[in-house]
Amino acid sequence: MRTAHVVPVLFLALSTPASAEDVTFEYTDVEKCPREAATEEEEGSDMPLDCPAPGGEYTLTESYSAYDSFRRITLKGDAQFSVELRPKASCPVARFSNKVEWRMKDGKPFAVIQRVTCHALNKDQSGPGKKLGEYLVVRGLKGHTSISGEVPTKTAAANTKARALADSALQKR
């Protein structure tokens, strides 16, 4: 009788990738990240935001132009490594959500998921106009840069699909 139960359990153990079970996540709330105060010479400009990522290896940086905002992930100690959190779709003006999801393995981030709303420029060319779309931007970090994609938020189960895209590189190893 025991052999009848061993085969299905063994099948389940072999069909579930072990790496997917070990993936965890953390969120960064960008609104809680410290922002340097502007000095008198910089009055009127927005200081970039530098927010440490979980694990301490990466920094999330947010900067601004007159009408747009930019977010990227950089690796501490490697000035050459930078990941832009902007969709590849046409996105003249980007607005980022306040939460960033870090996909993690063994306590270290390997991918990031960011919700981005894209807008056209308004008629005055001075800010956001018509909404063009909203995406979950998925990017891999150092050693996992093959992870790259966007999932439109109108897609059924968009969050699940974005997480599966992020975690897919681990399952190939």
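Let me start with strand 4, residues 69-75, and strand 5, residues 78-84, which pair in the antiparallel sense over four bridges; strands here are DSSP runs of E with at least two residues, numbered from the N terminus, and two of them pair if DSSP finds at least two bridges between them. This is a predicted model, in which local features need pLDDT of at least 70 and side-chain atom pairs count only at pLDDT 80 or more, while totals for chains, interfaces and linings use all residues. Residues are numbered from 1 along each chain as its sequence is written, and side-chain values use heavy atoms, with hydrogens and water left out.

Within this pairing, Leu75 stands opposite Asp78 in strand 5, and the two strands form a hairpin with two residues between them, where Gly77 in the turn has a positive phi of about 85°.

Turning to the cysteines, a search of the whole structure finds two disulfides, a disulfide being a pair of cysteine sulfur atoms within 2.5 Å. Cys33 and Cys51 form one of them, with their sulfur atoms 1.8 Å apart, and this link is left-handed, with -55° about the S-S bond. Because Cys33 lies in the loop between strand 1 (23-29) and strand 2 (49-52), and Cys51 in strand 2, the pair ties together parts that are 18 residues apart in sequence. Cys33 is buried (under 20% relative accessible area, with a 1.4 Å probe and protein chains only) at 10%, and Cys51 is buried at 4%.

A disulfide also joins Cys91 to Cys118, S to S 2.2 Å, linking the loop between strand 5 and strand 6 (93-105) to strand 7 (residues 108-121), 27 residues apart.

Methods. Buried < 20%, exposed > 50% of the residue type's maximum accessible area, 1.4 Å probe, protein only.
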